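Here is a protein to get to know, one step at a time. Have a look at it first, and then we'll walk through it together.

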Amino acid sequence: QVQLVESGGGLVQAGGSLRLSCAASGSIFSINAMGWYRQAPGKQRELVAVITSGGSTNYADSVKGRFTISRDNAKNTVYLQMNSLNPEDTAVYYCNAEIRDWKLVMRGYWGQGTQVTVSS
């Protein structure tokens, strides 16, 4: 059994910062890419940022220069540092990870989501 547990969401004023964390636990053999997605009310879920096991990163254009994704492989944890937040960043943020379990089966896992609300 593999779990992703997110933390760090909340309410912040425009221009503020938040840091999201997502820890993977359970029967983990290895983790490939880890990423963050978000879904605003009435909108589709969209990719925010992704980081490979080697540390390569990719960002949505809307967050480039403001958000930074990082990971601690020893802790099986991915982070999202969000700066200069604006109301358009309001959404539920979901962690995603490509994990190979001890049976060597690889699949994608999702966290439960954490709410980020940015007030104007």
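**A walk through the strands**

Of the 120 residues in the protein, 41% are buried. Keep in mind as you look around that this is a predicted model.

Let's begin with the overall build.

Strands of a sheet pair through backbone hydrogen bonds, in either a parallel or an antiparallel way. Here, four strands make an open sheet in the order S1-S3-S8-S7, with antiparallel pairing. At the edges you'll find strand S1 (2-7) and strand S7 (67-72), each of which pairs on one side only. On average, neighbouring strands of this sheet are turned by 15° against each other, direction ignored.

Zoom in on one of these pairings. S1 and strand S3 (residues 18-26) run antiparallel to each other and are joined over six bridges. If you pick out valine 5, its bridge partner in S3 is alanine 23.

Next, the surface. Which residues make a nonpolar patch of about 360 Å² there? They are Phe29, Trp102 and Leu104. Phenylalanine 29 sits in strand S4 (residues 28-39). With a relative accessible area of 45%, phenylalanine 29 is partly exposed, because that label covers values between 20% and 50%.

Leucine 104 belongs to a loop instead, the one between S9 and strand S10 (106-110). At 48% relative accessibility, leucine 104 also counts as partly exposed. There is something else to spot in its backbone: the phi of leucine 104 is near 65°, a positive value in a residue other than glycine.

Serine 84 is another residue to look at for its backbone. Its phi is positive, about 50°, although serine 84 is not a glycine. You'll find serine 84 in the loop between strand S8 (77-82) and strand S9 (91-101). Is serine 84 buried, partly exposed or exposed? Its relative accessible area is 42%, which means that serine 84 is partly exposed.

Conventions:
Residues are numbered from 1 along each chain as its sequence is written. This is a predicted model: local features need pLDDT of at least 70, side-chain atom pairs count only at pLDDT 80 or more; totals for chains, interfaces and linings use all residues. Side-chain values use heavy atoms; hydrogens and water are left out. Patches are made of residues with over 30% relative accessible area and no salt bridge: like charges are joined within 9 Å, nonpolar side chains (Val, Leu, Ile, Met, Phe, Trp, Tyr) within 5 Å. Accessible areas come from the Shrake-Rupley method with a 1.4 Å probe; for residues, only the protein chains shown count as cover. A salt bridge is a side-chain nitrogen of Lys or Arg within 4 Å of a carboxyl oxygen of Asp or Glu. Helices (H or I, at least four residues) and strands (E, at least two) are DSSP runs, numbered from the N terminus. Buried means under 20% relative accessible area, exposed over 50%, partly exposed in between (1.4 Å probe, protein chains only). Two strands pair if DSSP finds at least two bridges between them. Axes are lines fitted to C-alpha atoms, for helices over the stretch in contact, and angles run from 0 to 180 degrees between N-to-C directions.
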